[in-house]
Amino acid sequence: MQVHLAASFDEALRVKGQHPDVVPIAGGTDLLVQWPAAHALHERAWLDLSALGELAEIRFEDDAVVLGALVTYWDVIQDERFQVLPLLPAAAATVGSVQIQTRGTWAGNIANASPAADGVPVLMAYDAEVTLASTAGRRLVPLADFYHGYKQLETRPDELIESIRLPLRTHDFEDFIKVGSRAAQAITKVGMAIAHSEAGWRIVANSMAPAVCRCRALEQLVESGEPVDSPDALMAGIRADVSPIDDIRSTAAYREKVFSRVLYHALLPFCGSFS
Amino acid sequence: MAESRLEICFTLNGAPVTAQVSLRHRLLDLLRYELDLPGSKEGCGEGECGACTVHLDGIPVNSCLVPAWQVRDREVVTVESVVPGDIARMLDTGATQCGACTPGVVMTARWIEANPQLLERFTTRQLMAGNLCRCTGYDGIIDGLEPPPDAEDS
């Protein structure tokens with residue numbers, strides 16, 4: 001096992017460029033789980049980003065908020081400026097417990113690419129863009145286009161996430177709903193983030209597909225203004241957008257059914273009706 | 001680049017420490033097996049139970065999820081820093097039975113005590129949600145952390 005301790009982000013980018021196999025690590029809340037048994041990881045080389053203060057900054061600009069790659073859930077929960085993006089602190093508060101929230105980073109949640117990630121859906125519902133950096137330069141990728149399948153990321157091997165950019169818009173509706181086995185320390189069985197602004201509807205699902213994803217058929221349905229008279233009327237859209245599976249935490253049938261009902265009730269004021 | 005062991009300096013319970021840390025050690029391993037501070041317990045080893053809670057730069061973290069080399073130049077406070085009289089009310093409320101969770105419970109409790117403004121936004125139960133206890137049913141722990149009922153009420 002080897003560890004690269006970069007003194008600056010530029011140095012970290014050089015290391016990642018020269019050794020594309022290194023595992024970048026920030027808070028470690030995913031990578032260190034059951035560490036004594038994680039033999040394959042013991043053989044890897046690591047790139048420690050945790051000491052790079054330049055990545056820990058939260059910057060509010062006129063029309064956007066920029067989260068550096070080391071910004072944690074707890075940073076956002078504590079910062080009252082995030083009242084303008086209320087889904088962020090709401091989702092952050094459902095991740096693990098305080099001890100996880102103080103270490104886990106938003107960028108790490110993106111990079112870990114769990115289908116059950118709770119930070120990713122709210123970022124995606126707010127049209128977040130990810131700044132990917134390498135020694136060759138920077139590029140901005142919409143988070144909604146970041147995943148190409150289960151743990152398949154847009155990132156090139158020489159790139160690191162530098163920051164996450166969220167446009168500041170006025171939302172007249174936004175919600176984050178997590179269905180887990182209990183209130184704290186639960187991994188999501190069914191989750192969604194919903195937001196409406198002048199940019200239109202955003203409906204994002206987690207634990208419902210190989211990666212967190214926007215539900216474009218459902219967004220179009222709601223955008224159309226066509227009345228939806230029952231949760232089952234959402235089912236065609238759900239089946240077009242997501243593909244839940246049976247796993248240790250839940251079943252495909254449960255996920256589909258609960259997703260349709262939770263979404264229906266969230267959207268009731270806009271397009272639903274009890275017939 | 002470093003191989004297998006790395007020399008790091010950090011502050012431990014207020015005193016400067018230099019240690020040759022194994023790259024495979026978590027902070028919990030460093031404390032328990034290298035620095036002779038076995039107060040922090042390993043419960044689940046995956047960040048659920050909170051028995052290994054320590055303060056890193058003043059905030060509670062699970063030491064089972066922190067690589068030891070990440071604490072270089074940082075400040076670590078463990079349950080060994082607790083002195084008699086800290087969290088004294090917990091002694092009277094049945095906050096501990098088997099004791100496995102207690103070191104972590106105490107460390108989260110001390111963080112809440114040191115940051116009373118947290119209670120303006122969160123309940124004690126929310127802040128303590130990362131410390132699992134299989135004995136007490138939690139009421140004894142919560143009672144030990146909240147202000148005692150007024151004399152008139154009792």
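User: What does the secondary structure of chain B come to?
Analyst: Chain B has 4 helices and 6 strands, where helices (H or I, at least four residues) and strands (E, at least two) are DSSP runs numbered from the N terminus. This is a predicted model, in which local features need pLDDT of at least 70, side-chain atom pairs count only at pLDDT 80 or more, and totals for chains, interfaces and linings use all residues. Residues are numbered from 1 along each chain as its sequence is written, while chains are lettered from A and ligands numbered from 1 in the order in which they are written.

User: Which pattern does chain B follow along the sequence?
Analyst: The pattern is β-β-β-α-β-β-β-α-α-α.

User: How much of chain B is buried?
Analyst: Buried residues are 42% of its 154 residues. A residue is buried if 20 or more other C-beta atoms lie within 10 Å of its own, exposed if 12 or fewer, and partly exposed in between, with C-beta atoms placed from the backbone.

User: Ok, Ala51(B). Where does it lie?
Analyst: Ala51(B) is in the loop between helix H1 (27-34) and strand S4 (53-56) of chain B.

User: Buried or exposed?
Analyst: Ala51(B) is buried, because 26 other C-beta atoms lie within 10 Å.

User: What is Ala51(B) in contact with, leaving aside neighbours within four places in sequence?
Analyst: Its contacts include Lys41(B), Glu42(B), Ala100(B) and Cys101(B). Two residues are in contact if their C-beta atoms, placed from the backbone, lie within 7 Å.

User: Switching to chain A. In what order do the 5 strands of the open sheet come?
Analyst: The order is S4-S5-S10-S6-S7, and the pairing is antiparallel. Two strands pair if DSSP finds at least two bridges between them.

User: Which strands stand at the edges?
Analyst: Strand S4 (58-60) and strand S7 (137-142) of chain A do; each has a single partner strand, so one side of each is left without a neighbour in the sheet.

User: How many bridges are there between S4(A) and S5(A)?
Analyst: S4(A) and strand S5 (residues 64-68) pair over 3 bridges. Within this pair, Ile58(A) stands opposite Leu67(A) in S5(A).

User: And how many residues of chain A are in contact with chain B?
Analyst: 23 residues of chain A are in contact with 26 residues of chain B. Strand S1 (2-5) and helix H5 (98-101) of chain A are the elements that give two or more residues to that side of chain A.

User: How do the residues of that side divide?
Analyst: They are 9 nonpolar, 12 polar and 2 charged. Ala, Val, Leu, Ile, Met, Phe, Trp, Tyr, Cys and Pro count as nonpolar, Asp, Glu, Lys and Arg as charged, and the others, Gly among them, as polar.
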